[in-house]
Amino acid sequence: MSKRLRKAFAVLSVVLLAAGLFYGCSSNPPTALPEYDNPNLQRTILLADGVAVSKLVDVSVLSDSLLINNIAGYHAFKIPQKALKAATIISIKTSREVILGKNAVVLEFGPDGLVFDRATTIDFDLRDLDPSAKSASLYYFDPNVGDWVYQGTANAKDGKVSFNIYHFSKYAIE
(Lines give C-alpha, C1' and ligand atoms only; values in the text may rest on other atoms or scores of the structure.)
Protein backbone atom coordinates (compact mmCIF):
# COMPACT_ATOMS: atom_id res chain seq x y z
CA MET A 1 0.00 0.00 0.00
CA SER A 2 1.40 3.40 -0.98
CA LYS A 3 2.17 6.07 1.58
CA ARG A 4 -0.48 8.37 0.09
CA LEU A 5 -3.16 5.67 0.23
CA ARG A 6 -2.30 4.79 3.87
CA LYS A 7 -2.54 8.48 4.83
CA ALA A 8 -5.94 8.81 3.12
CA PHE A 9 -7.15 5.63 4.84
CA ALA A 10 -5.98 6.94 8.24
CA VAL A 11 -7.76 10.28 7.74
CA LEU A 12 -10.95 8.51 6.63
CA SER A 13 -10.78 6.22 9.68
CA VAL A 14 -10.48 9.17 12.05
CA VAL A 15 -13.40 10.97 10.39
CA LEU A 16 -15.60 7.87 10.55
CA LEU A 17 -14.65 7.22 14.16
CA ALA A 18 -15.44 10.84 15.14
CA ALA A 19 -18.76 10.69 13.29
CA GLY A 20 -19.59 7.39 14.99
CA LEU A 21 -18.82 8.81 18.43
CA PHE A 22 -20.75 12.01 17.76
CA TYR A 23 -23.85 10.47 16.23
CA GLY A 24 -23.62 7.08 17.90
CA CYS A 25 -24.27 8.53 21.35
CA SER A 26 -27.60 9.97 20.26
CA SER A 27 -30.87 8.31 19.38
CA ASN A 28 -31.57 11.20 17.00
CA PRO A 29 -30.54 10.93 13.36
CA PRO A 30 -27.94 13.50 12.23
CA THR A 31 -30.61 15.50 10.39
CA ALA A 32 -32.84 15.90 13.47
CA LEU A 33 -33.20 19.24 15.22
CA PRO A 34 -32.87 18.15 18.86
CA GLU A 35 -33.83 21.55 20.23
CA TYR A 36 -37.29 21.14 18.65
CA ASP A 37 -37.81 17.43 19.31
CA ASN A 38 -39.66 18.30 22.51
CA PRO A 39 -42.68 20.52 21.73
CA ASN A 40 -42.55 21.87 25.29
CA LEU A 41 -39.00 23.19 24.90
CA GLN A 42 -38.80 26.94 24.39
CA ARG A 43 -35.55 28.57 23.40
CA THR A 44 -34.89 32.07 24.74
CA ILE A 45 -32.03 34.30 23.66
CA LEU A 46 -31.30 37.56 25.49
CA LEU A 47 -30.61 40.48 23.16
CA ALA A 48 -29.18 43.92 23.90
CA ASP A 49 -32.61 45.56 23.68
CA GLY A 50 -34.98 42.63 24.19
CA VAL A 51 -35.31 38.90 23.84
CA ALA A 52 -35.94 36.33 21.13
CA VAL A 53 -37.96 33.20 21.80
CA SER A 54 -38.81 30.26 19.58
CA LYS A 55 -40.73 27.05 20.04
CA LEU A 56 -42.20 24.24 17.99
CA VAL A 57 -45.96 24.59 18.41
CA ASP A 58 -48.36 21.77 17.60
CA VAL A 59 -51.87 22.75 18.68
CA SER A 60 -53.68 19.87 17.00
CA VAL A 61 -54.67 18.51 20.43
CA LEU A 62 -53.91 21.14 23.09
CA SER A 63 -53.37 24.89 23.21
CA ASP A 64 -49.83 26.19 23.74
CA SER A 65 -48.03 29.40 24.65
CA LEU A 66 -44.68 31.16 24.51
CA LEU A 67 -43.42 33.26 27.42
CA ILE A 68 -41.51 36.42 26.60
CA ASN A 69 -39.35 37.47 29.54
CA ASN A 70 -38.95 41.14 30.40
CA ILE A 71 -37.48 43.10 33.27
CA ALA A 72 -40.74 43.03 35.22
CA GLY A 73 -41.97 39.52 34.52
CA TYR A 74 -43.20 38.16 31.22
CA HIS A 75 -45.63 38.55 28.34
CA ALA A 76 -47.53 35.50 27.12
CA PHE A 77 -48.40 34.65 23.53
CA LYS A 78 -51.23 32.10 23.59
CA ILE A 79 -52.16 29.86 20.69
CA PRO A 80 -55.50 28.04 21.03
CA GLN A 81 -56.17 24.48 19.94
CA LYS A 82 -56.60 24.08 16.15
CA ALA A 83 -55.32 27.59 15.38
CA LEU A 84 -52.67 26.12 13.05
CA LYS A 85 -52.99 23.60 10.23
CA ALA A 86 -49.61 22.00 11.01
CA ALA A 87 -46.87 22.05 13.63
CA THR A 88 -44.95 25.31 13.20
CA ILE A 89 -41.84 26.84 14.72
CA ILE A 90 -43.05 30.14 16.18
CA SER A 91 -40.53 32.90 16.89
CA ILE A 92 -40.94 36.24 18.62
CA LYS A 93 -38.29 38.95 18.91
CA THR A 94 -38.82 42.01 21.09
CA SER A 95 -37.14 45.40 20.89
CA ARG A 96 -37.73 48.95 22.00
CA GLU A 97 -38.38 51.65 19.42
CA VAL A 98 -40.08 55.00 19.07
CA ILE A 99 -43.23 54.42 17.02
CA LEU A 100 -45.43 57.32 15.94
CA GLY A 101 -43.59 59.55 18.42
CA LYS A 102 -44.05 57.29 21.45
CA ASN A 103 -41.90 54.68 23.20
CA ALA A 104 -43.07 51.23 22.23
CA VAL A 105 -42.22 47.58 22.60
CA VAL A 106 -41.99 46.02 19.14
CA LEU A 107 -42.81 42.34 18.65
CA GLU A 108 -41.60 40.69 15.45
CA PHE A 109 -43.45 37.41 14.95
CA GLY A 110 -42.36 34.62 12.66
CA PRO A 111 -42.83 33.00 10.34
CA ASP A 112 -43.79 36.26 8.66
CA GLY A 113 -47.23 36.26 7.09
CA LEU A 114 -48.57 33.27 9.05
CA VAL A 115 -52.38 33.44 9.33
CA PHE A 116 -54.20 31.64 12.14
CA ASP A 117 -57.47 29.73 11.84
CA ARG A 118 -58.44 31.10 15.27
CA ALA A 119 -57.40 34.25 17.07
CA THR A 120 -54.25 34.07 19.17
CA THR A 121 -53.66 36.35 22.14
CA ILE A 122 -50.77 38.44 23.40
CA ASP A 123 -51.01 39.21 27.12
CA PHE A 124 -48.69 42.17 27.60
CA ASP A 125 -47.32 43.23 31.00
CA LEU A 126 -47.43 47.04 31.10
CA ARG A 127 -44.57 47.16 33.63
CA ASP A 128 -42.31 46.54 30.63
CA LEU A 129 -43.50 49.78 29.04
CA ASP A 130 -45.20 52.08 31.56
CA PRO A 131 -46.27 50.65 34.94
CA SER A 132 -48.70 53.54 35.52
CA ALA A 133 -50.50 53.11 32.18
CA LYS A 134 -54.21 52.35 32.32
CA SER A 135 -54.35 51.22 28.68
CA ALA A 136 -52.15 50.47 25.66
CA SER A 137 -52.58 50.51 21.89
CA LEU A 138 -51.58 47.89 19.34
CA TYR A 139 -50.27 48.69 15.86
CA TYR A 140 -48.95 46.47 13.09
CA PHE A 141 -46.56 47.47 10.35
CA ASP A 142 -48.10 47.20 6.88
CA PRO A 143 -45.32 46.99 4.29
CA ASN A 144 -47.83 47.73 1.50
CA VAL A 145 -48.41 51.24 2.84
CA GLY A 146 -45.03 51.54 4.58
CA ASP A 147 -46.54 52.66 7.86
CA TRP A 148 -48.02 51.52 11.17
CA VAL A 149 -51.72 50.65 11.19
CA TYR A 150 -53.78 51.11 14.36
CA GLN A 151 -55.23 47.81 15.54
CA GLY A 152 -56.96 48.74 18.79
CA THR A 153 -56.66 49.89 22.40
CA ALA A 154 -57.09 47.69 25.47
CA ASN A 155 -57.68 48.72 29.06
CA ALA A 156 -55.32 47.36 31.69
CA LYS A 157 -56.46 44.67 34.07
CA ASP A 158 -54.05 43.74 36.87
CA GLY A 159 -51.27 45.58 35.02
CA LYS A 160 -51.74 43.67 31.76
CA VAL A 161 -53.46 44.26 28.44
CA SER A 162 -54.58 41.59 25.98
CA PHE A 163 -54.82 41.80 22.22
CA ASN A 164 -56.03 39.28 19.66
CA ILE A 165 -53.62 38.53 16.82
CA TYR A 166 -54.84 36.89 13.63
CA HIS A 167 -51.71 37.04 11.50
CA PHE A 168 -47.99 37.41 11.99
CA SER A 169 -46.41 40.72 11.23
CA LYS A 170 -44.36 43.31 13.08
CA TYR A 171 -46.45 44.69 15.95
CA ALA A 172 -45.90 47.61 18.32
CA ILE A 173 -47.51 48.16 21.72
CA GLU A 174 -47.43 51.67 23.13
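## The largest pocket

The largest pocket has a volume of about 170 Å³. A pocket, on a 1 Å grid over the protein atoms alone, is an open set of points where a 1.4 Å probe fits, with protein on both sides within 12 Å along at least five of seven lines. The volume is the space filled by probe spheres set on the points, which are joined across faces, edges and corners. Of the 13 lining residues, those closest to the centre of the pocket are Asp 49, Gly 50, Asn 70, Arg 96 and Asp 128; a lining residue has an atom within 4 Å of a point.

Strand 3 and strand 5 (88–99) each contribute at least two residues to this lining. By type, the lining comprises four nonpolar, six polar and three charged residues. Here Ala, Val, Leu, Ile, Met, Phe, Trp, Tyr, Cys and Pro count as nonpolar, Asp, Glu, Lys and Arg as charged, and the others, Gly among them, as polar.

## Basis of the model

The model is predicted: local features need pLDDT of at least 70 and side-chain atom pairs pLDDT 80 or more, whereas totals for chains, interfaces and linings use all residues. Residues are numbered from 1 along each chain as its sequence is written, and side-chain values use heavy atoms, with hydrogens and water left out.

## Overall architecture

The protein chain contains one helix and 11 strands, arranged along the sequence as α-β-β-β-β-β-β-β-β-β-β-β. These elements are DSSP runs numbered from the N terminus, helices being H or I with at least four residues and strands being E with at least two.

Of the 174 residues in the chain, 35% are buried. Buried denotes under 20% relative accessible area, exposed over 50%, and partly exposed the range in between (1.4 Å probe, protein chains only). Among contacts (heavy atoms within 4.5 Å) with a separation of 6 or more, 58% join residues 24 or more positions apart.

## Salt bridges

The whole structure holds six salt bridges, each defined as a side-chain nitrogen of Lys or Arg within 4 Å of a carboxyl oxygen of Asp or Glu. One of them pairs Arg 96 with Asp 128, with the closest N and O atoms 2.4 Å apart. Arg 96 belongs to strand 5 and Asp 128 to the loop between strand 7 and strand 8 (135–142), so this pair ties together parts 32 residues apart in sequence. Arg 96 is partly exposed, at 41% relative accessible area, whereas Asp 128 is buried, at 8%.

Another salt bridge joins Lys 78 and Asp 123, where the closest N and O atoms are 2.6 Å apart. Because Lys 78 lies in strand 4 (residues 73–79) and Asp 123 in strand 7 (residues 115–125), the pair ties together parts that are 45 residues apart in sequence. Lys 78 is partly exposed at 39% relative accessibility, while Asp 123 is buried at 12%. Glu 97 and Lys 170 also form a salt bridge, at 3.9 Å from N to O. This pair links strand 5, which holds Glu 97, to strand 11 (residues 170–173), which holds Lys 170, across 73 residues. Glu 97 is partly exposed at 29% relative accessibility, and Lys 170 is partly exposed at 27%.

Asp 64 is located in strand 3 (residues 64–70) and counts as buried because its relative accessibility is 17%. The side chain of Asp 64 makes a polar contact with that of Lys 55 at 2.8 Å. A polar contact is a pair of N or O atoms within 3.5 Å; within protein, one must be able to donate a hydrogen and the other to accept it, and residues adjacent in sequence count only if both atoms are side-chain atoms.
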